[in-house]
There are 2 protein chains.
Amino acid sequence: MKSVGVVVEYNPFHNGHLYHLQESKKATDAEVVIAVMSGSFLQRGEPALVDKWTRTEMAINNGVDLVIELPYVYATQKAEIFAKGALSLLTSLGVDTVCFGSESGQIEEFKKTTSFIHSNKKEYDERIKFYMGQGFSYPKATSLAFETLEGHENVLDLSQPNNILGYHYVKAIQDLHSHIEPFTILRTKAGYHDKEFVDTQIASATSIRTELLKGRSLDHINNYIPHATYEALHHYQHTYNEFNGWHNLYHLLRYKLLTTNSEDLSSIYEAEEGLENRLIAMAKRAPSFQSFMELVKTKRYTWTRIQRFALHILTQTTKEEMKPSLEGKAPYIRILGMTKSGRTFLRQKKGSLSVPLVSNINQNEHPFLTIERRASLVYALGYHGHHQENFLQKEYKSVPLMK
Amino acid sequence: MKSVGVVVEYNPFHNGHLYHLQESKKATDAEVVIAVMSGSFLQRGEPALVDKWTRTEMAINNGVDLVIELPYVYATQKAEIFAKGALSLLTSLGVDTVCFGSESGQIEEFKKTTSFIHSNKKEYDERIKFYMGQGFSYPKATSLAFETLEGHENVLDLSQPNNILGYHYVKAIQDLHSHIEPFTILRTKAGYHDKEFVDTQIASATSIRTELLKGRSLDHINNYIPHATYEALHHYQHTYNEFNGWHNLYHLLRYKLLTTNSEDLSSIYEAEEGLENRLIAMAKRAPSFQSFMELVKTKRYTWTRIQRFALHILTQTTKEEMKPSLEGKAPYIRILGMTKSGRTFLRQKKGSLSVPLVSNINQNEHPFLTIERRASLVYALGYHGHHQENFLQKEYKSVPLMK
């Protein structure tokens, strides 16, 4: 049973994702699709629009056969760690291939780039350090370092966000000595950062979220999402009245920042001398998350960097707790949902898995699951009292969604 | 300039308070009234219906000449510490008399009771310990201990809430070797715990709050409050849309309880082995503050005991920080508001004050003021973003209200 893995957030699942699934199956000749999906919080350090169970439902109703949770400790990190967590899960599961979208569309370019950077590693690392010393943010420093390496123009364009992510997938495969074969598909239509709808069928998740968070009706985005997404979003909106976002959680962050001293914050992951005090000072002044972020942001600290730190403060996630994510592979496989084909695939693989399967979070103990539970609690607190129950029940009692 | 002190919460100021002020002046022949008033949070461990500045305004528009803040570290404590904090402030200010309402109405009964308990102290303390060992709450154990002392029927009825408070005022005067002369006035009409309106002019603050928190219009309580209170409540409601209460703050408490482990809570004031875990477990289950309290409450832990602990968790107030409140006298006098007579009184006393006057919280540093600021921040977070600013501005920038 040939399988392809995809690494996703589905925030929310749209036509572009559907296209990617179909093309991935074609390109790899796979019968079964395994998605590694972020849970409550996403790579940019923000809460998902809708909870992980709703996004799992969208996934399995749109062609994914097995949805695996990318633990918080990987899902909320920079590309390198994010990719390593995701690829180690697919490797442990014995998935044959991985297929990602990119601006390049040429897998050879990715392979060339990893060996190019590998053979220029010393120079590359020194230049990153140099640019960071000049006050540039980490992502900007890596991209400047790359662009000043001689010969970089013959490999990948690493100023493109999906090329960067893809590079890290391919690099993770190498670092993990994984058997997985990487494929890439040319991304067409809307780029990730487009804020406006640019096409009649495909729009970026960002522009879809913008519409939804503005309170626009689902009819405005209906062209850009499959029917199963429409149904799921409609049900969600009907049940909870609103979508989640930092605007729902800022009062908790503010409370936390205004009742904690900077020493207590120094143990939080991504804390860095001075930044804690800056956040506390700005929380005093800023009545909304938007204004808070605008006050905190500098050349050195990107929006994403600050959002991730703010998220770890919100979920009380410490450096100590995050340490294991920087080394080794994901320690368990948590199943969020599956189709009949997904079950067949799992049955075939069950005997050869190197890490345990988790289908009920309550029957398993692992420090990463403790963080996961806490993250889900915090996510739920973005909603009003009686809705919170619903979320907590889902997280504590839900076994995988079956289709 | 003869002065009388009163110890108040004014939550909100009503006709009963007005009556008490007038009678206190008559009974003590005082020209000037000094009120020691709780700030953001009250003795029962709950947020005041309206903020301290609005309550100060009510006080000075209804006949109080000088409003002094009872610091959080005393205001949210059991009667003994509450009374000691308040009386030490009045003593430091050189106030001549104090006048409190009681079910007894006879000051001699209070004096007799303090010496009665003093001479039976060993027996009394042993019995308190005994009843607590039997699983009774502290207030219940003290009242059982008292009622089983031979001769108790010849002194005060200490099952009455205002008699208990008055007893602690008189005892605090003795313990502090204060020059203050105590007076008491018979409380008439509505007892503190009455939930229904019982009279056409006077209703308890509890019943007034109940109506307001139910969302009833001010017209429903208009008979029971002076015009100045009506004006202040009307303005407050118009500005902030709603009154404050635990219902506005429970999401923060829940967040705190669900992201903290019980060891971290053990440093919080009023923490007691086992109680922390109970609160965490119940926070997981309870979607509202009311349901949370009902789940946590036991024979041993009264509503008030739990509410106070919950409040200290919410404001992150530790045992270490609260320790100084248990010993010695209040370290500064913070003025919230005054009339012309209040200013004259202060000018006369200024030379002989034994502790500093604080009129701008930003120009003074004391650990108690740090707690006060934090408490006010938390109080403000009960409101929506743009209103929070208003509260913070008030606390940080307000100098005393003048009339």
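**Notes on a predicted two-chain model**

1. A word on conventions before going on. This is a predicted model, in which local features need pLDDT of at least 70 and side-chain atom pairs count only at pLDDT 80 or more, while totals for chains, interfaces and linings use all residues. Residues are numbered from 1 along each chain as its sequence is written, and chains are lettered from A and ligands numbered from 1 in the order in which they are written.

2. Now the interface. Contact here means that the C-beta atoms of two residues, placed from the backbone, lie within 7 Å. On that basis 18 residues of chain A are in contact with 18 residues of chain B. On the chain A side, helix H11 (246-258), helix H18 (367-380) and helix H19 (385-397) each supply at least two residues; helices are DSSP runs of H or I of at least four residues, strands are E runs of at least two, and both are numbered from the N terminus. H11(A) provides the largest share of that side, 5 residues. By type, the side of chain A that touches chain B divides into 7 nonpolar, 8 polar and 3 charged residues. Here Ala, Val, Leu, Ile, Met, Phe, Trp, Tyr, Cys and Pro count as nonpolar, Asp, Glu, Lys and Arg as charged, and the others, Gly among them, as polar.

3. On to domains. The assignment for chain A, from an automatic or database source, gives domain 1 (3-103 + 166-172 + 183-244 + 324-402) and domain 2 (246-323). Taken over C-alpha atoms, the centres of these two domains of chain A are 25 Å apart. Between them, 18 residues of domain 1 of chain A are in contact with 16 residues of domain 2 of chain A. H18(A) gives the most to the domain 1 side, with 5 residues. That side of domain 1 of chain A divides into 10 nonpolar, 5 polar and 3 charged residues.

4. A:Pro47 is worth a look, in the loop between strand E2 (32-38) and helix H2 (52-61) of chain A. A:Pro47 is buried, with 23 other C-beta atoms within 10 Å; buried means 20 or more such atoms, exposed 12 or fewer, and partly exposed in between, with C-beta atoms placed from the backbone. Not counting residues up to four places away in sequence, A:Pro47 touches several residues, including A:Phe41, A:Trp246, A:Leu249 and A:Tyr379.

5. Helix H9 (residues 205-213) of chain A has A:Ala205, A:Ser207, A:Ile208 and A:Leu212 as its buried residues. Seen down the axis of H9(A), they fall within an arc of 165° and so line one face of the helix; the arc is that of the directions from the helix axis to the C-beta atoms. Just after H9(A), A:Gly215 takes a positive phi of about 90°.

6. Finally, in chain B, B:Asn163 sits in helix H8 (residues 161-175). B:Asn163 is buried, with 24 other C-beta atoms within 10 Å.
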